[in-house]
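Q: I would like to learn how to read strand pairing and disulfides in a model. Could we work through one case?

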Amino acid sequence: QVQLVESGGGSVQAGGSLRLSCVRSGYIDSSTCMGWFRQAPGKEREGVATIYFGGGRTYYADSVKGRFTISRDNAKNTLYLQMNSLKPEDTAMYYCAAVYYTYPDVCLTPSEVDFRYWGQGTQVTVSS
């Protein structure tokens, strides 16, 4: 049974930073992909950043490139999303997601339907 538990959300002013964490239960291997999605009210869920465990390649949405960094600590079974220079348009519910036995091209062009396991979400609110 795979469980994902996010933490680290909150309210910040524009220009501030937050670090999201996602603690994972269950095994991983080189064909595992994990990532962060977000969903703002009235909008579809979008992939923000993903990482393919076989080789560590990453994907970032254009809207967050240069500001967000995805990383992992395998010893702590934790995935992180460091978010800097936050903007009001980053306001959303952020979800951690995972899929096993997948391919790099699936991981690095993330779609909600391709991820099997989801956390409960953590709210990020950025005020101007």
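Q: In which sense do strand 1 and strand 3 pair, and over how many bridges?
A: This is a predicted model. Strand 1 (residues 3-7) pairs with strand 3 (residues 18-25) in the antiparallel sense, over five bridges. Within that pairing, E6 is opposite C22 of strand 3.

Q: Which strands form the open sheet, and in what order?
A: The order is 1-3-8-7, four strands with antiparallel pairing. Strand 1 and strand 7 (68-73) are the edges, each pairing on one side only. From one strand to the next, the twist averages 15°. Strand 3 is joined to strand 8 (residues 78-83) by six bridges, with R19 partnered by Q82. Six bridges also link strand 7 and strand 8, and there D73 stands opposite T78.

Q: How many disulfides does a search of the whole structure find?
A: Two. A disulfide is called when two cysteine sulfur atoms lie within 2.5 Å. C22 and C96 qualify, with S to S 2.1 Å. C22 is in strand 3 and C96 in strand 9 (residues 92-99), so this bond ties together parts 74 residues apart in sequence. C33 and C107 form a disulfide too, with their sulfur atoms 2.1 Å apart; C33 belongs to strand 4 (residues 33-39) and C107 to helix 1 (residues 104-107).

Definitions and conventions: Residues numbered from 1 in each chain as written. Predicted model: local features only at pLDDT ≥ 70, side-chain atom pairs only at ≥ 80, totals over all residues. Heavy atoms only, no water. Pairing = 2+ DSSP bridges. Helix = DSSP H or I, 4+ residues; strand = E, 2+ residues; numbered from the N terminus. Axes fitted to C-alpha atoms, helices over the stretch in contact; angles between N-to-C directions.
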